[in-house]
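Here is a note for a colleague who is opening this model for the first time. Please keep the structure in view while reading the points below.

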Amino acid sequence: MTDTLVIYYSFTGNSKKVANYVKDKLGADLLELEPKIPFSTDYDEVVAEWQNNDIKRDVEIKDIQTDLSKYQKVVLITCTWWYGISPVMKKFLKDYDLSNKDVIVASCNAGWLGHCFEDYRTLLPNSNIKGELNLVFSEKEGERDKMLTSQKEIDCWMEKIK
Ligand SMILES: Cc1cc2nc3c(=O)[nH]c(=O)nc-3n(C[C@H](O)[C@H](O)[C@H](O)COP(=O)(O)O)c2cc1C
């Protein structure tokens, strides 16, 4: 039994890939967050639709079946949408309580992290945030799955929650 849970939301697969890597390395459990109504499969349409990714703007997410009380350590990974953490991750942090848990956070982006770490801090007021990771992928169309952050940086960040 593990006391570590990796929770992620990924729109195009980058956060998912890192979440699976971290899960395997830490021997952790994995939880994928999903919107109740899937976003459009048209990338540009979603970019246009979420231009206002305000912390107060909500999206409905699917209910979580995982018992969060079983885990003392939580790893959060999401994509960055318009300089903030994804609305799916935001909604999860508003609806579920991670108080008093040790947490490390990451946000995948194409070079513009914006206020993602501030978002995490705002929505996790009672958690012990032990590490933050800026996960940069290529901004080039056709290469958006190319990771620019080194594996070593990911491994160092993971050490903070071991
Ligand atoms: C709606 C939307 C908004 C985005 N906003 C940003 C942004 O503000 N800064 C940035 O660097 N990348 C932005 N991106 C690019 C993604 O954050 C980046 O491609 C990330 O690696 C995707 O992670 P994922 O594959 O887990 O969804 C945006 C992408 C989408 C779809």
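Predicted model: local features only at pLDDT ≥ 70, side-chain atom pairs only at ≥ 80, totals over all residues.

1. The lining of the second largest pocket is made up, by class, of six nonpolar, three polar and three charged residues. The residues that line this pocket are Tyr9, Ser10, Phe11, Glu32, Leu33, Glu34, Pro35, Pro38, Phe39, Ser40, Thr41 and Lys62, and the space in the second largest pocket comes to about 190 Å³.

2. The largest pocket holds about 580 Å³ of space. Among the 22 residues of its lining, those closest to the centre of the pocket are Tyr43, Thr80, Trp81, Asn109 and Ala110. The lining of the largest pocket comprises 13 nonpolar, seven polar and two charged residues, and α1, α2, β3 and β5 each contribute at least two residues to this lining.

3. Where does the ligand sit? The ligand is placed in the largest pocket, and the elements that provide two or more residues of the shell around the ligand are α1 (14–26), α2 (43–49), β3 (73–81) and β5 (102–109).

4. The shell around the ligand deserves a separate look. There are 20 residues around the ligand, of which Ser10, Thr12, Asn14, Ser15 and Tyr83 come nearest. By class, this shell has 12 nonpolar and eight polar residues, with no charged residues, whereas the lining of the largest pocket includes two charged residues.

5. An N or O atom in the side chain of Ser10 is 2.6 Å from an oxygen atom of the ligand, while for Thr80 a backbone N or O atom lies 2.8 Å from a ligand oxygen atom. For Ala110, a backbone N or O atom lies 2.7 Å from an oxygen atom of the ligand. The ligand on its own has 650 Å² of accessible area, and the protein covers 94% of that area.

Technical notes:
Residues numbered from 1 in each chain as written. Heavy atoms only, no water. Near = heavy atom within 4 Å. Polar contact = N/O pair within 3.5 Å; in protein donor to acceptor, adjacent residues only side chain to side chain. Areas by Shrake-Rupley, 256 points an atom, 1.4 Å probe, with all protein chains shown as cover. 1 Å grid on protein atoms, 1.4 Å probe; cavity = no way out; pocket = protein on both sides within 12 Å on 5 of 7 lines; lining within 4 Å. Sits in = over half its atoms within 2 Å of the grid points. Helix = DSSP H or I, 4+ residues; strand = E, 2+ residues; numbered from the N terminus. Nonpolar A, V, L, I, M, F, W, Y, C, P; charged D, E, K, R; others polar. Points joined across faces, edges and corners; volume = space filled by probe spheres on them.
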